[in-house]
Structures are given as structure tokens and as C-alpha cells.
Amino acid sequence: MRKLLESVEINAPREIVWEALCDFGDVAAWAPYMRISHLVGKQETGVGTRRAMQHEFGFRFEEEVTAWLEEEGYDFDVFRAPWPLTGVRESWRMESAGPRKVRVTTRVDYETRLGPLGTLLDAALVHFVVRREMRSGVRGLKAYVERQDQGATD
């Protein structure tokens, strides 16, 4: 199983960062590669919350929260992950990094289909694409939250 981590420091109060993260259905507001995102069902927070999304490349997938730590983060499983990924799990966590500064870390764990061929494909390409998307996601969250905070203080 491949494990990848990405982090970013966000210059904003913890409450504003959590407000963006805990809006599980609206990840498209800050994740640059997501075109559409929305909740599936009536649940808005906590374990069991689901969202559906459409990626900029056109594929669609769903995610379901498997762990929810109020004002700290959450974990979720990805359903119908793009080929050749399988068993995709992701987590987002926040921690204080100073006054008005929060470190957000995302972790993605995944496997690839096709046995040894999938392992080679991962080494040659897949993990670079996944890492690029993770980096884009944390940077998108940073930009979004810092704009929200700036608007709140103006």
C-alpha cells in the first residue's frame, strides 16, 4: 500500500479553516481539480457523510466519512476511484502552528490494480499524479481560507 502526505500552513484562525474543511459537500469551492461536489443524502457531518464529485478530467466518484474528529479532521474512503487505483483512503487533519496559523495535513493511502504491472505503473506515473492533486488540494484550501479570512477582517 502506498502512503503519501502533503501539508500546508494556513494563515487564518483555526475556526475558519475548520469551517472550510467540515463543509464536506463543497470541496469544489477550494479544490482546483474538482468541478462539481455535493452531499449525497441528508447527513452533513460526521461518520457516514457522503459526497459525490466530478473531476476536471470528467470522471466521477464518491467518498464516505469513516472517522470524524470535531474541529480536528476526518478520514474517508473513496468509492469508484479512477483506474488503476483501489482501496483509496484519505485523511485531513488540522493542528495549531502558532497564533492565527494552522497546519493542515492530508494523507492518501492506496493500492493499484494489476499486481506487479500496477506497481510499475504506480512507480512510473500514478503516485506523481496523486501527489500533484494532493499538493493542489492543500494549496487550494490555503488560498480559499486566507481569502475568506481576509474578507472577514476587511
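**Salt bridges and a pocket in a predicted model**

Let me begin with Arg100, which is partly exposed, because its relative accessible area is 47%, and please keep in mind throughout that the model we are looking at is predicted. Arg100 forms a salt bridge with Asp149, and the closest N and O atoms of the two are 2.3 Å apart. This pair links distant parts of the chain, since Arg100 sits in the loop between β6 and β7 while Asp149 belongs to helix α2, 49 residues apart. Asp149, for its part, has a relative accessible area of 5% and is therefore buried.

By the rule applied here, the count of salt bridges comes to 14. One of them joins the side chains of Arg51 and Glu63, at 2.6 Å from N to O; Arg51 lies in strand β3 and Glu63 in strand β4, so the pair ties together parts that are 12 residues apart in sequence. Are these two residues, Arg51 and Glu63, buried or exposed? Both Arg51 and Glu63 are buried.

Now let us turn to the largest pocket, which holds about 570 Å³ of space. Its lining is made of 29 residues, and Phe59, Pro82, Leu85, Val130 and Glu133 are the ones that lie nearest the centre. Helix α2 gives the most to this lining, with 7 residues, and the lining as a whole divides into 24 nonpolar, 1 polar and 4 charged residues.

Technical notes:
Residues are numbered from 1 along each chain as its sequence is written. This is a predicted model: local features need pLDDT of at least 70, side-chain atom pairs count only at pLDDT 80 or more; totals for chains, interfaces and linings use all residues. Side-chain values use heavy atoms; hydrogens and water are left out. On a 1 Å grid over the protein atoms alone, a cavity is a set of points where a 1.4 Å probe fits but cannot get out, and a pocket is an open set with protein on both sides within 12 Å along at least five of seven lines; lining residues have an atom within 4 Å of a point. Grid points are joined across faces, edges and corners, and a volume is the space filled by probe spheres set on the points. Helices (H or I, at least four residues) and strands (E, at least two) are DSSP runs, numbered from the N terminus. Ala, Val, Leu, Ile, Met, Phe, Trp, Tyr, Cys and Pro count as nonpolar, Asp, Glu, Lys and Arg as charged, and the others, Gly among them, as polar. A salt bridge is a side-chain nitrogen of Lys or Arg within 4 Å of a carboxyl oxygen of Asp or Glu. Buried means under 20% relative accessible area, exposed over 50%, partly exposed in between (1.4 Å probe, protein chains only).
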